[in-house]
Amino acid sequence: MKLLDVKNVKKTYTTRFGGNKVQALRNVSFSVEEGEYVAIMGESGSGKTTLLNILASLDKPTGGDVMLNGKSIVGIREKEIAEFRRNNLGFVFQDFNLLDTFSIQDNILLPLVLSKVPYEEMNKRLLPLAKQLGIEAILKKYPYEVSGGQKQRAAAARALITNPKLVLADEPTGALDSRSADQLLDMFSEINEEGQTILMVTHSARAASHAGRVLFIKDGEVYNQIYKGNMDSEELMHQINNTLTVLMSGGEERE
Ligand SMILES: Nc1ncnc2c1ncn2[C@@H]1O[C@H](COP(=O)(O)OP(=O)(O)O)[C@@H](O)[C@H]1O
Ligand SMILES: [Mg+2]
């Protein structure tokens, strides 16, 4: 079943003063089946964050439509979106978005508080998750007291604690050393095997090689995609690197 159907999505930003326009997404179409693990790659400024924000309905497209579970999220009321987000969506932001007046623990628990999950239930989920991500020792600290990598892992824990059906992650390993990145990627693979759908933006070919499919975005459009199929991660990584080389060199070779 299609969990996500992105149809001809366009996004033009108009800056507040000069009326300068930036076309961040020109025409993006793709769909994601329930249970898929999809990586999205593309140069800085190619529209990846814009796309994720639209998929999470944190921003509206200028044109096109996005169907989630067969339902358009473009014309939907804010109240309904908020409920959908709370119940089905986990978002790992590129800049973490942790609240500085909350401890790391309270930041992670926040989505559960909002969905009124009982306290005991919360703690049951919190510790295993924190351990798996290697942040159990910093749970009582505040965001400004921990490193960028620890903040990023806390942001990932916050996105995963509700067991969301759909995980949207914007460069979730960008601030991590290779060991922490591997821990996080192992977790993503595990939850994906258990049925959660993942859409992960990444700069890292190694991170992307964990996915079942890699989409490449260039100039606001889907430029190419690779399915893992029967390849192992190493072969997929090789293919990803080849595609990136063509993509960055401005080549016109298309699917
Ligand atoms: N809020 C905004 N207002 C104006 N321009 C924006 C805004 N957000 C992003 N852009 C522009 O849109 C383009 C795509 O940005 P972004 O989606 O952040 O790319 P990526 O995540 O791939 O680096 C860039 O040219 C960027 O400068
Ligand atoms: Mg970005």
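Residues are numbered from 1 along each chain as its sequence is written, and chains are lettered from A and ligands numbered from 1 in the order in which they are written. Because the model is predicted, local features need pLDDT of at least 70 and side-chain atom pairs count only at pLDDT 80 or more, whereas totals for chains, interfaces and linings use all residues; side-chain values use heavy atoms, with hydrogens and water left out.

Ligand 1 is surrounded by Y13, V22, A24, E43, S44, G45, S46, G47, K48, T49 and T50, a residue being counted if one of its heavy atoms lies within 4 Å of the molecule. By class, this shell holds three nonpolar, six polar and two charged residues; Ala, Val, Leu, Ile, Met, Phe, Trp, Tyr, Cys and Pro count as nonpolar, Asp, Glu, Lys and Arg as charged, and the others, Gly among them, as polar. For side-chain N or O atoms, the distance to a ligand oxygen is 2.8 Å at K48 and 2.5 Å at T50. Taken alone, ligand 1 exposes 560 Å², of which the protein buries 61% (Shrake-Rupley method, 1.4 Å probe). Two or more residues of the shell come from each of β2 and α1, and α1 gives the most, with three residues. Helices (H or I, at least four residues) and strands (E, at least two) are DSSP runs, numbered from the N terminus.

T49 belongs to helix α1 (residues 48-55), while Q94 lies 45 residues away in the loop between β6 (89-92) and α3 (104-114). T49 counts as partly exposed because its relative accessibility is 29%, and Q94 likewise at 37%; buried means under 20%, exposed over 50% and partly exposed in between (1.4 Å probe, protein chains only).

N53 also lies in helix α1. Beyond its neighbours within four places in sequence, N53 is in contact (heavy atoms within 4.5 Å) with L58, D59 and F91.

Residues up to four places away in sequence aside, E36 touches S31, N192, Q196, T197, I198, R213 and Y227.

Technical notes:
A polar contact is a pair of N or O atoms within 3.5 Å; within protein, one must be able to donate a hydrogen and the other to accept it, and residues adjacent in sequence count only if both atoms are side-chain atoms.
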